[in-house]
Amino acid sequence: MIGWRILCGALVFVAVTTTAAAGAGVLAGRLTLAGVLTACVLGAAAAGLATRGASAPRQKITAVEWALFTVFALASLRAFLWIIYEHADTVRVLSPHNLGDMALHLNLINRWAAGGRFWPDNPFLAGAPFAYHPGMDLWNAVLRFVGVPVYEGLRWTGLLGAAATTAALWRWGRGFAIAAFLFAGGLAATALWHGGALDPMETDTAWKNIFLALFVTQRGFLYAFPAGLVLLTVWRAQLRGEEDGPRLPVLAQAALYAAMPLFNAPAFLFLSAILAACVLAGWRARLARPFLVTGLVSIIPASWLVHLVTAGFRAPSAFRYAPGWMQQDGGVWFWWWNFGLFLPLVAWLGLVVFSRGGGDRTARVFYIVGAGTLVFCFLFAIAPWEWDNTKLLVWGYLALAPFLWANVLAHWPGWLRVAACLGLFFSGALSLAVGLDQRHGYQLASRAEMADLQVLLRAVPLNARLAAAPSYEHPALLLGRPLAMGYEGHLFSQGFDYAPVRADLDCLMNGAEGWRDAARRLEARYLFWGRREVARWPHSSRAWTECAPLLGNYPAGQLYLLTPCLLED
């Protein structure tokens, strides 16, 4: 298992390198080799200082924990070695639920690594701000800049992120926290009792397996989980006043915390709530100083990154009152089906930690913020798709896990602890096993088609918008080109009102009256026409062919230059 010093040093290296690379990219308008190398040097220096100042007591690893490490390792090898891979003439991903997200990640990585405009240009929607937290994609673009192939970078980033997450979970809550992470999920396994087919991502559960639903598909968590858990571990020890607990220099804590908006906005919100609660709780006990320093040092870089990922605070907001989360007509059964024993045990934990002599100050602080996060997520939606509340909900869940074990389950008889763990984790374990058994993967792209389009696009400037079909597997999207309109799933999840852009794209691609004006509004200077475009606009007049020069004709499709058409009245 990764040692504490190596874990902290590696996370600080990623945090400082990506933050510095973002700053250099914004100043230059694109990533440059000089900016990337400077960022790496700064990251290495910060990591060296963090490693020297980090320390943690030695703890014995039990046989059960070694078994959990093994399960985590096997699951990670299966998920990330095949996160994306080539098979015959295709590029494939292991999970069908990663198809759309992987297209977005490949676009950003390939675009930035090729020197495309860095920020705030939105490569997925003409005229829209780029409001996203692409920290891991920026990290992989940095790796590509220094010679690591994209697919290899994705695999190794996943595996190293998994190793770091395992180590951080163990430090935070020992084996129980690892099991809570690996085997979270609803009661989907009960579908097997009735002869149903179990797909943990397609069942009607809202609270799905964390490993499958978040860790593998949402790349920002590869940093957010281990870095956030390291901070929680250090802050817990500081709030307790432990002299021999896990330690990390305050500046290193600030680096991990301040970089969080670049990787995962919900994690930053949760950690901010924990940090504020620790300041208040530690004030009377004269333990608030490290928390205050961490917050004060982080104000400028964190504020800048929040400004960056929200496009200058212009990002569309989908925050709304939505009591019951995704309950709809499920009633009480919805909560039992999704969370099983977890919510009753959380209520029990509250009674224990607030009873006389039942819990210390630290347990109360983490319980208030953790349980408060659950309640908040059950009452308010933070994104257009209500399921995205899971990205914040998971932090309340993980924050409560070690206290649930230490303050409740650890005091029960052995047989009752085993029964409780089976009730909490059996269904999620089955979901994990089934979810990783995607033996043949799913096609994301045709290698021949991507090679054809790569040749065609050599004549197109990196920052020129392309009018094409808005599908997640479009080779132009995968190759990092900015589109007039990208995959609608990406746009919906980011809260954009893209109906006007879609109407303009339909007008242009159909060659309808006013298509020139539509092209101008879309900022489209090039148009690609291939099989996806034929399928989406089968009755197009293709009016642009009368004035647009044909730049290339390959089996993948034809590329047209629209500029001469747009110069006409």
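This is a predicted model: local features need pLDDT of at least 70, side-chain atom pairs count only at pLDDT 80 or more; totals for chains, interfaces and linings use all residues.
A relative accessible area of 9% makes R532 a buried residue. E449, at 10%, is likewise assigned as buried. The contacts of R532 form part of a network of salt bridges in which E449, E473, R531 and R532 are linked.

In general terms, side chains of opposite charge can pair when their charged atoms come close. Under the criterion applied, the count of salt bridges comes to 16. One of these joins R219 to D137, with the closest N and O atoms 3.1 Å apart. This pair links distant parts of the chain: D137 is located in helix α5 (residues 135–145), whereas R219 occupies the loop between α8 (210–215) and α9 (221–240), and the two are 82 residues apart. R219 and D137 are both buried.

Packing of helices was examined for two pairs. Two packed helices are described by the angle between their axes and the distance between the axes. For helix α3 (residues 63–81) and helix α6 (residues 150–182), the packing angle is about 150° and the axes are 9 Å apart. The angle makes α3 roughly antiparallel to α6, because values over 145 degrees fall in that class. The crossing of α3 and α6 is right-handed. The residues of this contact comprise 15 nonpolar, five polar and three charged.

The second pair consists of helix α1 (residues 4–28) and helix α2 (residues 33–53), whose axes come within 7 Å and cross at roughly 150°. This angle makes α1 roughly antiparallel to α2. The crossing in which α1 passes α2 is right-handed.

Aromatic contacts were considered next. A pair of aromatic rings is described by the distance of the centres and the angle of the planes. Over the whole structure, the search finds 48 aromatic pairs. For Y257 and F268, the ring centres are 5.1 Å apart and the planes lie at 25°, so the pair is stacked, the limit for this class being under 30 degrees. Y257 lies in helix α10 (residues 250–258) and F268 in helix α12 (residues 265–283); the pair links distant parts of the chain, eleven residues apart. Y257 is buried, its relative accessible area being 8%. F268 also counts as buried, at 14% relative accessibility. Elsewhere in the analysis, a cluster linked by ring pairs comprises F72, F80, F181, F211, F215, F221, F225, F270 and W395.

With a relative accessible area of 26%, R174 is partly exposed. E523, which is not a glycine either, has a positive phi of about 60°. The position of E523 is in the loop between α23 (515–522) and β7 (524–530). E523 is partly exposed, with a relative accessible area of 37%.

Definitions and conventions: Residues are numbered from 1 along each chain as its sequence is written. Side-chain values use heavy atoms; hydrogens and water are left out. Axes are lines fitted to C-alpha atoms, for helices over the stretch in contact, and angles run from 0 to 180 degrees between N-to-C directions. Helices (H or I, at least four residues) and strands (E, at least two) are DSSP runs, numbered from the N terminus. Angles under 35 degrees count as roughly parallel, over 145 as roughly antiparallel, 65 to 115 as roughly perpendicular and the rest as oblique. A crossing is left-handed if the near helix is turned anticlockwise from the far one by less than a right angle, and right-handed if clockwise. Ala, Val, Leu, Ile, Met, Phe, Trp, Tyr, Cys and Pro count as nonpolar, Asp, Glu, Lys and Arg as charged, and the others, Gly among them, as polar. A salt bridge is a side-chain nitrogen of Lys or Arg within 4 Å of a carboxyl oxygen of Asp or Glu. Buried means under 20% relative accessible area, exposed over 50%, partly exposed in between (1.4 Å probe, protein chains only). Rings of Phe, Tyr and Trp (its six-membered ring) pair if their centres lie within 6.5 Å; planes under 30 degrees apart count as stacked, over 60 as edge-to-face and the rest as tilted.
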